[in-house]
Every structure is written in C-alpha cells, then in structure tokens.
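Hello,

Here is the structure I said I would pass on. My notes on it follow below, in the order in which I went through the parts.

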Amino acid sequence: MTVLQEPVQAAVWQALNHYAYMDAVFLAERLYAEVGSEEALYLLATCYFRSGKAYKAYRLLKTHTCSTPQCRYLLAKCCVDLSKLAEGEQVLTGGVLNKQKSQDDIITEFGDSASFTLSLLGHIYCKTDRVAKGSECFQKSLNLNPFLWSPFQSLCHLGEKLDPDQVFRLSSLHIPVAPPPPISPAQNPSHRLDTALMETPQDTLELNRLNLESSNGKLTSDSTVSYIDSSLISPDPCSLLANTVSMGSTGSLLGKPNKPKSGRSLLGGPAALSPLTPSFGILALDPSPGDPGYLQNYSGSLDAQQTAPSKKSVSRIGPSKSVFGQSGNGREVLPIPFSQSQGSAPHSSTSPQVLSPTLVAPPNIQPRRSTRLFTSASSTAKENSKKLKMKFPTKIPNRKTKCKAAKTANSNLNESLDILKLDSSMNDSKGLSTPGYQSITLQRAATDMVLYMLRELGRGYQALCCYNCQEAISILSSVPAHHYNTGWVLTHIGRAYFELAEYTQAERVFSEVRRIEAYRVEGMEIYSTTLWHLQKDVALSALSKDLTDMDRLCPQAWCVAGNCFSLQQEHDIAIKFFQRAIQVDPGFAYAYTLLGHEFALTEELDRALACFRNAIRVNNRHYNAWYGLGMIYYKQEKFSLAEIHFKKALSINPQSSVMLCHIGVVQHALKKSDSALETLNRAIGIDPKNPLCKFHRASILFANDKYKAALQELEELKQIVPKESLVYFLIGKVYKKLGQTHLALMNFSWAMDLDPKGANNQIKEAIDKRYLPEDEEPVTEDFLYDSAADVEESSMTDADDSQLHTAESDDVL
Amino acid sequence: MATPSKTPPGADPKQLERTGTVREIGSQAVWSLSSCKPGFGVDQLRDDNLETYWQSDGSQPHLVNIQFRRKTTVKMLCIYADYKSDESYTPSKISVRVGNNFHNLQEVRVRTYTGPTSHIYPPKNSPIRTFMIQVAVLANHQNGRDTHMRQIKIYTPVEESSIGKFPRCTTVDFMMYRTIR
C-alpha cells in the first residue's frame with residue numbers, strides 16, 4: 001500500500017502547493033478512503049484546514065483516533081482556531097484531569113514540531129490566564145526554534161524582558177550533529193520520509209527534482225532536508241568553524257573580532273558600509289565560470305551602516321571562508337552587483353551574502369541544486385531565506401575581479417578585499433568543500449543573516465513594548481533601507497512616535513506605510529487615532545473608507561471608521577462601529593478602549609467603565625485602558641481612585657508626558673499641590689513640547705496664589721501656542737486676582753475673540769464677576785431667547801463685546 | 001448616517017451635534033404622547049427622519065412628555081415642523097413646562113411658532129436641570145385640531161472636562177495633548 005500512496009500523496013501536496021484546494025481535498029478523501037492510515041488522515045485534515053475549513057479538520061480528527069504528533073498538533077490548532085482552548089490543551093498535554101505532560105515530554109514527543117507545539121500551548125495558557133506557564137512555553141519554543149517571531153512577540157506583550165541577542169541565536173540544540181560531508185546516504189531516505197509528511201509540499205517535489213537531476217541526489221536531499229528542518233537549522237557551526245580554523249589563516253581572521261564584516265564583505269562588499277546588514281539572500285550558488293549571473297545587491301549595504309555584532313560576523317566569516325573554494329580567478333563580480341544594487345529597489349533582492357562554494361563540476365551542480373531548492377516557493381520561513389538566497393547565484397571567480405573593481409570604486413572595500421584574498425588563498429590551499437559541506441556553509445551564512453535581522457527587529461520591538469520609544473525608533477531606523485521601507489518596520493516606528501505623542505511625525509511615517517503597503521491593516525488603528533488627535537478629518541475618512549472597503553472582517557478597519565465618526569462628533573455612530581470591531585474580533589483590546597472613550601464622551605460612564613475593564617481583561621498591559629478608567633473616576637470626582645489607575649498606567653508606560661500631566665492634575669485635585677508640581681516638572685522634563693503640562697502647572701501655581709510664577713509660565717506658553725484661548729483666559733484670571741483689571745479684561749476679550757463659540761460661559765462668567773468699581777454697569781447678559789435662527793450666539797457675543805468695549809473705554813488703559 | 005434623504009437645507013438634525021458644543025440626549029429619556037394616530041407615534045417623532053411625523057389624535061393641548069432617569073441639564077429644545085406641508089396641522093403656540101413629575105410642572109416658555117425649525121431656549125439661556133419636560137401644543141395654525149410634529153431633539157451642553165475644570169481648548173496643539181486615546 002505504501003507504493004500506492006506516494007504518487008497520490010505527491011499529487012495532493014502539489015495541489016495544495018498550487019492552492020487548488022478542491023482538487024487536494026478530493027484526492028485526499030479518496031486516499032483516505034482507500035488507505036485509512038493516519039498519514040492519510042493527517043493529509044486530509046491538512047487539506048481541510050488549508051482550505052479554510054478548520055471545523056471540518058477538527059471534526060475529522062476528533063472522530064478518528066490520532067496518535068501521531070502531527071495529527072495531534074493539527075487537532076490542537078483547529079481547537080484553538082475554533083476557540084476550544086481547553087480541548088486544545090487536552091490534546092497537547094493530556095488535559096487538566098489526566099496526568100499532564102511536562103514540556104520536556106512534549107518536546108521529545110513532538111520532535112521537530114515541538115517549537116510550534118509549545119508556541120501553541122503557550123498561546124492557550126496565556127488566553128486562559130496562566131501567564132507564567134505560557135511564557136515558559138514561549139521561551140522553550142524560542143529555544144528550540146529561534147526563527148519563530150510570534151512567541152517572541154507574545155513574550156514582549158506579556159512584558160517580559162527578553163534579550164533578543166540571546167533569543168535569536170543558534171544554540172547547540174539547533175546544530176544538528178551534522179555528519180561532515182559527504183553525508184551518509186543511509187540517513188536520507190528515512191529522514192526524508194519522516195519529514196516528507198511534515199514539510200511543505202515543496203520538499204517532495206524538490207526531492208524528486210533533485211533526484212532526477214543529479215547523481216548526487218542523496219547529498220542534496222540530505223542537505224535539503226537538513227536545511228528544511230527548522231529545528232536543525234544549520235550544520236554544526238562548531239564543526240565548520242573547526243574546519244575553517246584548521247584551514248590555517250582562518251585563525252587570523254577569527255582573531256579580528258572588531259572588523260565590521262558582513263557576509264557581504266566576504267563577497268567583496270563594502271565592509272565598512274554594513275557590517276551585518278542582514279542579507280539572508282545571497283549564497284553564491286552557481287560558480288561555474290562564464291556565468292554572468294552574479295547578483296549582488298548592495299543597496300542595503302550602501303544605504304545602511306551598522307555596527308556588526310562582530311562575533312557573529314566573525315563566525316559567519318568562518319564558514320563562508322571555507323566556502324570560497326575557488327582558486328583565485330578574476331573576480332569580475334563586484335561592479336555588477338553595485339550597478340544592480342543601484343538599480344534594484346525591491347527589498348526582496350536583499351543584500352546578499354554571497355557564498356560561493358563551488359570548486360569543480362560536481363560541486364557546481366551541488367549548489368545549483370541548492371539553488372533550485374531555494375527557488376521553490378514555500379511558506380516556511382526557512383524557505384523564505386532560501387528564496388532570497390537563490391536570487392544571487394554567483395561565482396567565485398567573478399567575485400574577485402568584482403571585488404577589485406569595486407575597490408577602486410569604493411575604498412571601503414579594502415578590508416573586504418583583504419578578506420577575500422585571504423579567503424581565496426585559504427581556499428586555494430584547501431581545495432576543500434565537498435558539496436554537502438558547501439551547502440551547509442551556505443545555510444549557515446543565511447541563517448546567520450536571518451538571525452541578525454531578527455535580533456535587530458527583536459531589540460526594536462522589545463524597546464517599543466517597554467515604551468522606550470526613542471530607543472525603539474533609533475534601533476528600527478538603523479536597519480537596512482530595504483527592510484526599513486517595509487510596512488512592519490515603518491508601522492512600529494510610527495507607533496513609537498505615537499506613544500511619544502509626536503503625532504505629526506507619526507502621521508508622516510504612517511502615510512508612508514500606506515503608500516508602500518496599501519494592504520496593511522495592522523497598525524492602522526494607531527494611524528487613525530493619530531489623525532484623530534491631529535483632527536485631520538479628510539484623511540481619516542479616506543482611510544476609513546479605504547479600509548472598510550478592503551477588509552470588512554478586520555477589527556482595525558472598524559476602529560478607523562469609529563474614530564472617523566468620533567472626530568465628527570457623531571458619537572452614536574462611532575459607538576456602533578466600535579461595537580462592530582469588537583464583534584469581528586473579541587480579542588482586540590484597543591476596540592474596547594475606544595468604545596470606552598466614546599461612552600465617556602456620551603456621558604455613559606458605567607458602560608465606559610465596563611468597556612475599559614474588558615480591554616484590561618483582554619490585555620493587562622494595555623495602558624490606554626488603565627488611563628481610561630482613571631479618567632472616568634476623575635470625572636466622577638473619585639480622585640484617589642483616579643490617581644491609582646493613572647499610576648498603574650504610568651508604570652506600564654513611564655515615558656508618557658500626557659499621563660504625568662494627568663497625574664499632576666489629579667494630585668492637585670487631591671490637594672497635594674507639591675507633588676502635583678513635581679509631577680508636572682517631570683512631565684515637562686520628559687517632553688518640553690507639551691503645552692498642557694505648562695498650562696496645568698500655571699493653573700496650579702495660580703491656585704496656590706503664586707501669581708508671578710504663573711504669569712511667567714503663561715507668558716512662555718503664549719509664545720508656544722499663541723492662538724489658544726485658554727491661555728489668555730487664565731492670564732486674565734491671574735490679572736484679575738492681581739487687581740490689574742484692564743489687563744484682565746484685555747486678556748478675556750482676547751480669549752473670547754479666539755473662541756467666540758464654544759463653552760464660553762465660563763469666560764463670560766469670569767467677566768461677569770469682575771466688576772469695575774465705579775462706573776460701568778456690570779456686563780449684563782442680554783442673551784437672546786428663541787430666535788429661529790442660529791444667529792443668536794454670535795449676536796450675543798457682539799452684545800457682550802460692545803459691553804466690554806464700553807467698559808474698557810471707560811477705563812483708562 | 002441616518003440623515004433623511006430629503007433634508008431641507010439648514011435642517012440637518014445632526015448639524016448642531018457636529019459643532020461639538022451640545023449633545024443630543026433624547027435617547028436617555030422616556031417619551032410619551034398624549035395621543036397619536038397609529039403609525040404616527042413616538043418612533044416617527046424620534047427617527048431622525050423629517051419625512052415622518054407624529055400626528056395627534058385627541059383634544060388640545062397635545063402633549064409630548066420627556067422623562068429622564070436622572071436630573072439632566074437641558075440647554076435647548078429643538079422642534080421641527082413644516083408649515084408648507086402641514087398647514088393647519090402645524091403648531092402655532094407651543095408651551096414648554098419643566099418639573100419633577102406630572103404634577104409638578106411649571107411653564108417656562110411659551111413660543112409662537114415661526115419658521116420650520118424652532119429652537120427653544122430656557123429662560124436666561126442658562127441650562128435648566130430637570131427630571132421632566134413637557135412640550136404642549138396649545139394651538140395650531142388655522143385653528144386646526146390635531147397637530148403634526150416631525151422631529152424633536154433635546155440638547156445638553158457638552159462639558160469639556162476631560163481634565164481640569166476649564167472650557168474647551170481651541171487649538172489642535174492643545175487638544176492633541178489633552179487625552180490619551
């Protein structure tokens with residue numbers, strides 16, 4: 001029966017690979033009916049799941065026994081997707097009632113997919129409020145597979161302080177006990193079969209192709225498989241390093257840890273330019289002479305300069321050096337890459353790390369196969385890097401000349417050239433690089449690049465989650481240009497500006513995101529809030545229309561729509577849209593927060609409280625919701641409660657000057673004016689551009705009768721925000737207290753000029769209460785009654801003004 | 001979003017709300033009528049649609065009672081009636097009474113209806129705090145018996161007290177920092 005299965009399985013995988021789900025499902029159903037094995041069951045369930053019908057996969061797997069790890073993993077995934085968390089957990093760990101497996105058991109049981117299993121389990125734990133266990137699972141998952149971003153992201157969201165440098169690195173767990181090349185053929189078939197089911201369809205196809213192509217099929221397949229296997233990321237760097245060390249002059253290179261190198265530099269890239277610009281792409285794969293296909297994209301390197309984790313670079317150099325197996329032919333390669341780099345824009349043609357392994361014919365074939373391996377489009381991350389790699393087939397002979405040419409063009413290349421020469425000389429002396437070895441080094445270099453990128457982004461993301469926004473911005477801005485100009489990086493930079501309350505900057509960055517990736521919805525809710533703050537209603541309504549047209553099922557689109565209507569003061573409609581966002585995704589905390597704000601604006605404080613609490617239930621570190629609660633309590637004049645909640649929000653986001661400002665006001669309301677002033681000073685220290693801090697400081701000083709200081713503060717504020725009526729209003733009040741009535745009146749009239757409508761009753765009352773001793777009659781409020789038009793308010797103002805002017809004219813200024 | 005299809009210019013129900021100075025709070029109240037013709041009741045009076053109307057079906061004075069759950073600040077009452085289409089059904093004399101309950105109402109305003117939209121302000125233009133408002137139609141044009149009223153809205157002043165007891169800021173620069181959203 002095994003004989004019968006393979007072609008059908010291959011056909012199913014191929015159909016899946018081409019997203020022809022109906023075909024895949026049909027075939028898989030027939031296969032399962034025919035064979036009824038667990039493999040076939042898993043295949044059928046996979047087809048269902050991939051075609052978007054998780055419930056089908058779930059029911060299928062439930063009704064049939066599934067004992068293999070793959071089946072159990074898929075069943076657990078279906079459970080989680082269908083929100084059956086308890087069941088999912090039971091599938092993975094044996095449940096609450098039975099004896100629970102420890103995480104180590106899980107690791108041994110699930111083997112290669114342990115990292116994903118643990119990630120899923122962590123997700124379940126976090127959703128069911130067992131955060132400690134969840135984070136433990138995430139940590140373990142990252143240990144097993146440092147290429148997974150979502151556990152890292154989840155850990156950051158939980159507030160854990162991870163060290164991205166430690167997380168995103170290959171540890172001994174990943175280094176397979178790689179047999180030095182040539183690889184034993186015996187390993188391959190079994191390994192292949194085991195992994196065939198688990199890997200993406202590409203594998204079988206690739207393997208087939210590879211087998212067809214070369215006599216060394218087994219070698220390739222093994223290296224393929226070993227590369228594909230996520231938990232066995234790369235061949236043993238230690239062994240490679242050892243090899244390289246044994247190559248003599250390697251030691252000297254290894255001994256120069258501070259040389260900024262990138263893999264690119266090995267290729268003769270400008271070493272000083274971007275020591276470690278992540279270039280997962282390039283592996284020189286086709287070194288056959290005369291092949292002009294060297295693509296080396298230095299755009300990233302040309303643009304970005306970074307300091308390399310020198311250690312990594314050194315280690316990367318190690319294996320790659322060994323790769324430079326070519327004897328020193330002319331390396332014409334470099335100029336081409338430069339020109340190409342100039343020309344090529346898309347970030348996919350990433351800066352390469354060209355490692356050309358080949359020496360002689362059989363090795364040539366080897367990399368080519370690897371190229372094709374890498375070519376195969378696949379959804380796995382590793383294969384993404386593979387894909388990047390394949391873009392840059394290159395040849396070593398060319399490289400040298402290119403290096404030389406580039407040297408003239410760019411003096412930065414000197415170092416790299418030295419290295420290259422060393423490499424080539426080393427390699428010349430070696431004559432090493434059996435095919436498998438070369439591919440291993442290729443893989444190693446590529447993974448190093450990926451990990452470097454992950455580390456950088458991880459550091460930036462971590463900083464952002466701890467609200468070290470300045471640092472996050474600087475880290476994220478220093479990634480290479482082709483990565484910088486992507487939606488993810490720019491969105492997070494925009495978010496960092498948003499958290500710093502630099503809304504204009506944030507808006508600029510977000511509009512760039514929209515320009516680059518119009519399909520991106522993650523982060524658009526922050527953009528909409530930015531526009532809300534800036535009161536750019538046209539842009540906001542355009543964004544809202546765009547997003548709701550594009551994707552009606554994402555909560556961000558409805559949040560944007562709600563913000564749009566909230567800006568138009570149509571709060572009922574905004575409420576409706578935010579409720580829709582919650583309906584679409586009940587796990588989206590920000591929708592609850594925004595809904596709470598809307599309820600607060602419509603004075604439905606109880607419902608607002610409930611909404612904010614919901615937001616906190618979903619995400620404990622959502623400081624906006626804590627702030628919202630504080631604000632509601634402030635409105636209800638429960639000042640101590642308000643202070644507690646504001647402080648909690650501040651503990652999550654310590655750099656927010658707006659938060660500090662609010663705390664200051666609350667403390668003042670609690671009669672703790674000194675601490676209030678201190679808090680406001682802190683706020684101004686953090687963000688001197690925040691005018692409200694100064695305003696509140698001035699008002700507190702005014703309340704404490706420190707008129708001179710208040711006036712000084714307000715004068716400064718006048719310079720910063722000359723058109724704000726509140727400032728003049730407060731100045732007027734201060735002058736009134738100081739008895740300088742004419743100045744007070746002057747300022748009041750300015751305030752009213754700037755704000756003719758609005759809640760001006762207070763200003764009018766302030767003018768009212770003031771009295772000028774002898775002469776003029778108190779300013780009467782000759783307000784109009786029911787006129788049919790809306791003119792009354794302006795005419796009212798006129799009447800008032802005329803009174804004021806009368807008063808003023810009487811007074812000698 | 002619920003703008004009626006053929007709104008006469010200047011009579012957009014949401015217009016006032018957009019200024020941000022007032023908020024419509026009719027949804028927080030219980031509405032009742034002294035009488036109505038089936039299909040022309042409270043729903044048609046409160047549906048944001050100027051095409052539908054309330055038609056009374058009893059003896060004068062016709063009453064609209066608005067009762068709040070709690071004492072509410074009312075800044076303004078907005079009544080929309082249309083003489084051109086309603087003619088003798090259009091109210092001509094409207095009286096507004098406020099109080100705690102039905103037995104406690106005091107008249108605060110008597111207005112002669114002029115023009116399509118009537119904005120009724122409380123005396124002295126200061127907002128009134130009350131539990132209940134009663135709008136009484138005392139007389140119609142051309143001495144009609146029953147009355148048509150197309151829309152009634154109640155507005156409360158918006159207190160911009162997100163922080164501090166200050167009136168609203170006017171500039172975007174200030175408002176940006178006013179709140180964390």
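I began with a strand pair in chain B: E6(B) and E7(B) are paired in the antiparallel sense, with six bridges between them. Please keep in mind that this is a predicted model. The link from E6(B) to E7(B) is a hairpin of six residues. Within this pair, Arg97(B) has Glu107(B) of E7(B) opposite it.

On burial, strand E6 of chain B, residues 91-99, is mostly covered, with eight of its nine residues buried. E6(B) is also joined to strand E9 of chain B, residues 128-140, by eight bridges, and these two strands run antiparallel. Here Ser95(B) is the residue that stands opposite Ala136(B) of E9(B).

Both pairings belong to an open sheet of five strands in chain B, ordered E2-E4-E9-E6-E7, with antiparallel pairing. Which strands form the edges of this sheet? They are E2 (29-33) and E7 (106-112) of chain B, each of which pairs on one side only. Averaged over the sheet and ignoring direction, neighbouring strands are turned by 15° against each other.

At the E2 end, E2(B) is connected by five bridges to strand E4 of chain B, residues 62-74, and the two run antiparallel. One position to look up there is Val30(B), whose bridge partner in E4(B) is Gln67(B).

The other item is a helix pair in chain A. Helix H40 (residues 691-703) and helix H41 (residues 707-720) of chain A have axes that come within 8 Å and cross at roughly 160°. Angles over 145 degrees count as roughly antiparallel, and H40(A) and H41(A) are therefore roughly antiparallel to each other. The crossing of H40(A) past H41(A) is left-handed.

The residues in this contact are as follows:

- From H40(A): Pro691(A), Lys694(A), Phe695(A), Arg697(A), Ala698(A), Leu701(A) and Phe702(A).
- From H41(A): Tyr707(A), Ala709(A), Ala710(A), Glu713(A), Leu714(A), Glu716(A), Leu717(A) and Ile720(A).

Sorted by class, the contact of H40(A) with H41(A) comprises 11 nonpolar and four charged residues, and no polar ones.

Regards

Conventions
Residues numbered from 1 in each chain as written. Chains lettered and ligands numbered in written order. Predicted model: local features only at pLDDT ≥ 70, side-chain atom pairs only at ≥ 80, totals over all residues. Heavy atoms only, no water. Axes fitted to C-alpha atoms, helices over the stretch in contact; angles between N-to-C directions. Helix = DSSP H or I, 4+ residues; strand = E, 2+ residues; numbered from the N terminus. Parallel < 35°, antiparallel > 145°, perpendicular 65-115°, else oblique. Left-handed = near helix turned anticlockwise from the far one by under 90°. Contact = heavy atoms within 4.5 Å. Nonpolar A, V, L, I, M, F, W, Y, C, P; charged D, E, K, R; others polar. Pairing = 2+ DSSP bridges. Buried < 20%, exposed > 50% of the residue type's maximum accessible area, 1.4 Å probe, protein only.
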